[in-house]
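The exercises below are meant to be worked with the sequence and the coordinates side by side. Each task is followed by a solution that goes step by step.

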Amino acid sequence: MAIPLHHLLILGGLLFCIGLVGVLLKRNLIVMFLCIELMLNAANLTFIAFARQLSQMDGQVIVFFVMVLAAAEAAVGLALVIALYRTRQTMDADDLNLMKL
Amino acid sequence: MSFSNDILTLMLFLAACAGLVGFMLAFSAILGPKKQSAIKDEPFECGIANVTPYSGNFSVKFYLIALLFLLFDIEIAFLFPWATIFKSLGLFGFIEMFVFLAVVVSGLVYAWKKGALEWD
Amino acid sequence: MSDISFSAILPELILCIFGILVMVLGPFLGRNSRSFGGTLALLGFATSIVGALLVPESAGKLFFNGMVTTDAFSIFFRVLFAAIGVVMTLGSLNYLHRLKLPTFEYFALLLFASAGMNFMVLSTDLLLTFIGLEILSIATYVLAGIRRDDAASNESAIKYFFMGSFSSAILLYGVALIYGSAHSTSYQAILKHAAAVNGQQQIPLLFLIGFGLIIVGFCFKVAVVPFQVWAPDVYEGAPTPITGFLSVASKMAGFAALIRILFQVLPHDLPQWVQLLVVSSILTMWIGNLSALTQTNIKRMLAYSSIAHAGYILIGIVAANQTGITAILYYAVAYALMNLGAFTIITILSGRDDRRVTLEDYKGIGFQYPQLSFPLTICLISLAGIPTTAGFIGKFFLFSAAVEEKMYLLAVLAVLAALVSVYYYLRVVVYMFMFEPDGKREVRIHPAAGVVVLVCCLLIFWFGLFPTWLLEVSRQAVILFLHP
């Protein structure tokens, strides 16, 4: 039996919400980054769900591009976290207070 | 297909989901016991304490190799859709894909020349 | 596949090829030929200007499966971005040398960032817009953190990365919802869908939420209230020339893409968003200007100032008439001139470790280095919007666009905000000319940076006194948004 569109969209929406709330609440940089990836994958799931519903290839192709962009983002983001860890010995977003508010 | 009506239901459901998540988080923040400890701030929350505290010196080599693998591995993903319609694309598609590969390889050349691939 | 036309994306191809060339040649040539990277980048940007002018302009025809347009709007911004690239290259040569930064990587990333911005303005498909945005963002994350050993630069890059990728994710989810609603990501198809949906009684919630998320994503990128909190920290910590680049180029690319989406895809739904954007515009101007009043770090002050300028530009968007959109394009050029001019001078004065950027450091340099203090004064009074400068003309037309639409309250609040801003711009001038210097300091002005400063100042006055030509060019560029 095929999974109805709604279930996929709801799952996508839930993943997106979890990611969004996670980025706002979590203070560890790696966990925050994982939450952002979760948001991107929620969008991917939504694309795929619609592409299947519409019997189109477009949505699936978009997912390829998003995956590549997410990988590039991951590479840069993790490199920045490592650079930060080397200068500051921290992974906590609350420690990023060098510049006054 | 009553698309928009279903979507309304979906959006209501989404709002309910967000509300539930917010409710649970808010109440656990208000009611729950707060014991801050170093373990809770660990990046991987699997419940087992780290045996050794991570020291300032870790080898970046592992990271570099993993990173390069990740990037080139994902780039290759573009080859799969290309391969499925390779014949109908003809010579133009063939040349295009080699231009793409040349760009990817130029990245590899950069990484190689920079010494990112050397283990010692 | 007849619509594949490489001449339509000639400037982007040039930027990418030069970017790859600079990147790959870097490790082969080594540290001895630092200036070669700069020369190559300069050549790339200059060729890209020529390429952009050579692109056959056509408003109606789309290329690459309806993804790429070569209308006058895109060509305007492509030339502007390449020119910003030239200014950036010349202005940061000496800085890179002084701080011993990796030259080739810096210029390669600058070229890639410019290519990303170009794709944002020429795209007529949400997917390509998103990819352009990501190319720009990923390059600028690295550029903000290119001083690897500096804690402030690291922190700035991390904050920029998290805010940037967070907003990208929001934007992408919006694109996904739009795709589900309009069954396509191309602007033409979405426009058709929007027109069809507009007549219906039932609110197309999926469509509405999708566009809401997309607009929120862009508001993050251009640092508009309430999504501006990241900007001051990021701008303060980033290397000084990059602060200039972020506050000018990436902001303008964000606005250009936003304008295209709002006016080419959403003309029917725009009234729903205007009220929100009006509030956001007022808050952006006032929060930016009021926060700038108390700053003692000049980079941070200009960060708040750039938030305020985003508010001014929003006026042109909410007015949504010919004067408004024309003024945005004019203001983009004027703002690029005055902000890049100011940041080039701040870069020259920033000292050996890029730390001499507080107001205290500007005490008494007025008569010590008149060749720097006078141009900085010109840039600042243009930012403040004092007559005879390009900044004044730009503000004048933006505000009068609001008056034309009978948005008097908005116009009055904008004028008052601009008046408030005069205080903090002139405070820098007062520090420069009315205080005794703390002591002698060594400042070396690289001829390339000197030329940039001179040209910026001359053009500020030129466009301020004879704005007709630039206004006409801007008007030609936005004509397609007014007669859809």
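**Exercise 1. Where in chain C is the place of C:His183?**

Solution. C:His183 is placed in the loop between H6 and H7 of chain C, where helices (H or I, at least four residues) and strands (E, at least two) are DSSP runs, numbered from the N terminus. This is a predicted model, in which local features need pLDDT of at least 70 and side-chain atom pairs count only at pLDDT 80 or more, while totals for chains, interfaces and linings use all residues. Residues are numbered from 1 along each chain as its sequence is written, and chains are lettered from A and ligands numbered from 1 in the order in which they are written. As to the backbone, phi of C:His183 is near 65 degrees, a positive value in a residue other than glycine.

**Exercise 2. Describe how the helices H6 and H7 of chain C pack.**

Solution. Two packed helices are described by the angle between their axes and the distance between the axes. For H6(C) (residues 151-182) and H7(C) (residues 187-198), the angle is about 65 degrees and the axes are 10 Å apart; axes are lines fitted to C-alpha atoms, for helices over the stretch in contact, and angles run from 0 to 180 degrees between N-to-C directions. The crossing of H6(C) with H7(C) is left-handed, a term used if the near helix is turned anticlockwise from the far one by less than a right angle, with right-handed used if clockwise. Turning to the residues, C:Ile178, C:Ser181 and C:Ala182 of H6(C) meet C:Ala189, C:Ile190 and C:His193 of H7(C), where two residues are in contact if their C-beta atoms, placed from the backbone, lie within 7 Å. By class, this contact has four nonpolar, two polar and no charged residues; Ala, Val, Leu, Ile, Met, Phe, Trp, Tyr, Cys and Pro count as nonpolar, Asp, Glu, Lys and Arg as charged, and the others, Gly among them, as polar.

**Exercise 3. Does the span of helix H13 of chain C agree or disagree with its number of residues?**

Solution. The expected span of a helix is 1.5 Å times one less than its number of residues. The 28 residues of H13(C) (residues 322-349) should therefore span 40 Å, and the end C-alpha atoms are 40 Å apart, which agrees. H13(C) is mostly covered, with 27 of its 28 residues buried, and the helix is followed by C:Gly351, whose phi is positive, near 80 degrees.

**Exercise 4. Compare chain A and chain C with the globule rule.**

Solution. Chain C comes to 19 helices and two strands. Its radius of gyration is 21 Å, close to the 23 Å that the globule rule gives for 484 residues, so chain C is as compact as a globular protein of that length; the radius is taken over C-alpha atoms, and the rule is 2.2 Å times the number of residues to the power 0.38. Chain A has three helices and zero strands, and its radius of gyration is 17 Å, whereas a compact globule of 101 residues would have one near 13 Å. The C-alpha trace of chain A spans about 55 × 25 × 25 Å along its principal axes.

**Exercise 5. How many residues of chain A are in contact with chain C, and how many of chain C with chain A?**

Solution. The contact joins 32 residues of chain A to 33 residues of chain C. On the side of chain A, helix H1 (5-25), helix H2 (29-54) and helix H3 (58-88) each supply at least two residues, and H3(A) gives the most, with 16 residues. This side of chain A has 25 nonpolar, four polar and three charged residues.

How values were computed:
A residue is buried if 20 or more other C-beta atoms lie within 10 Å of its own, exposed if 12 or fewer, and partly exposed in between; C-beta atoms are placed from the backbone.
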